[in-house]
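Let's take a walk through a protein model together, one contact at a time. Have the picture open beside you and follow along.

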Amino acid sequence: MKNKFRTVSKIALVLIYFVIIAGAIVRMTGSGMGCPDWPKCFGYYIPPTESAQLLFEPNHSYKKGMMILMNHEAFLVAKTDFVSGNKFNSYNWEVYSKHDYTTYNPVHTWVEYINRLLGALSGIPILVFTVLSFWFWKKNSWIPIISILTLMGMGFQAWLGKTVVDSNLAPYKITVHMVMALLIVAFILYLIFASKSNYKPQKYHKTFFNLLIFALILSLVQIVLGTQVRQFIDEQTKLIGYEKTLWLASPELNFYIHRSTSIVVLTLNGYLWYLNRSKSLGYTKIKLVVYAVILEAATGIMMYYFDFPFLSQPLHLVIASLLFGIQCYIVLECLHKKRENQLA
């Protein structure tokens, strides 16, 4: 049972990272409003593939919630199930008023739809390991508790996704949505670590641990700042189009903080690597942290100095998310060794 639990937890972790990748691609392609409603897409379980499917059709069976686009001015929503007549009857329709988005782009629609499918798919292993987690109740009650919190977190994350769409991509809601995804990552990493049978021969070092916690918090702050910089770029795109050289011509303060703090992140994690090596602490994953920080800095430089090369933006976010996850796991390793020392 323990092996099954860990396997399902690992599958869930991989799927959550796929969702993060998909979300990053949604942001890169500007597909966040590809589906103007939630949880369906234009009122369909499988969204339309061409704009003609969103035009009014006579003698057509419409289900409640299905949308049509009228003169590129407004989405209309079917009030109830009905079969249309030869002529359009406004009595059967109401204006979709949650936001004023009135565009259909098949690429944006399907990018967003796949993102949602991955989100729904990732919930399945989380539900499964939550059921399996009760096998651990007597040995470690935190495993079923964190499993339940993860499941609840996925429900909350789905609701956040709805509010993001309903708000027409409000910046602060996108940030909360991202932070919640990272919290779910942290929960799943705890479950994977806590259900292990054997642990590596490592050492607890107070300075290393305290600096690691600070580095983890700093990574989270950087991710939040990064989402705000990304929002600024989205706004610039709407104002000046895809003139990439002008996107950061006059950036806001949070960009300079984000860029300057990256030097602190690189220095701090480099020192953690040095401490781990010089004190022989045994935290081998610190190498992955350093590699991730270097790659993160490289993609940041590419975006700023080379006008946002293709995929540089989603890579920047995904690497930051992986960095956060690796740091979380090392924190768990440190805490385990700390508890062992206290019990010794």
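Start in helix α3, where Asp 166 and Lys 162 both sit, four residues apart, or about one turn of the helix. (Helices here are DSSP runs of H or I with at least four residues, strands are runs of E with at least two, and both are numbered from the N terminus.) Before going further, a quick word on the ground rules: residues are numbered from 1 along each chain as its sequence is written, and side-chain values use heavy atoms, with hydrogens and water left out. This is also a predicted model, in which local features need pLDDT of at least 70 and side-chain atom pairs count only at pLDDT 80 or more, while totals for chains, interfaces and linings use all residues.

Back to our pair. An α-helix has 3.6 residues a turn, so residues three or four places apart point the same way. Asp 166 and Lys 162 form a salt bridge, with their closest N and O atoms 3.0 Å apart; the term means a side-chain nitrogen of Lys or Arg within 4 Å of a carboxyl oxygen of Asp or Glu. Asp 166 counts as buried because its relative accessible area is 18%, whereas Lys 162, at 23%, is partly exposed. (Buried means under 20% relative accessible area, exposed over 50%, and partly exposed in between, using a 1.4 Å probe and protein chains only.)

How many salt bridges does a search of the whole structure find? It turns up four. One of them links Glu 112 to Arg 116, with the closest N and O atoms 2.9 Å apart. These two are four residues apart in helix α2 (residues 106–132), so about one helical turn separates them, and both are buried. Over in helix α9, Lys 337 and Glu 340 are three residues apart, again about one turn, and their salt bridge has its closest N and O atoms 3.1 Å apart. Lys 337 is buried at 7% relative accessible area, but Glu 340 is partly exposed at 38%. Salt bridges that share partners also join Lys 98, Lys 162 and Asp 166 into one network.

Now for the rings. The structure holds 19 aromatic pairs. Phe 156 and Trp 159 make a stacked one, because their ring centres are 5.7 Å apart and their planes meet at 25°. (Rings of Phe, Tyr and Trp, using the six-membered ring of Trp, pair if their centres lie within 6.5 Å; planes under 30 degrees apart count as stacked, over 60 as edge-to-face and the rest as tilted.) Both residues lie in helix α3 (residues 142–166), three residues apart. Phe 193 and Tyr 329 pair up edge-to-face instead, with 5.4 Å between centres and 85° between planes. Phe 193 belongs to helix α4 (residues 171–194) and Tyr 329 to helix α9 (residues 312–343), so this pair ties together parts 136 residues apart in sequence. Phe 193 is buried at 4% relative accessibility, and Tyr 329 is buried at 10%.

Last stop: helix α7 (residues 253–278). Its 26 residues should span 38 Å at 1.5 Å a residue, and its end C-alpha atoms are 38 Å apart, which agrees. (The expected span is 1.5 Å times one less than the number of residues.) Its buried residues include Phe 255, Val 265 and Leu 272. Just after α7, Ser 280 takes a positive phi of about 50°.
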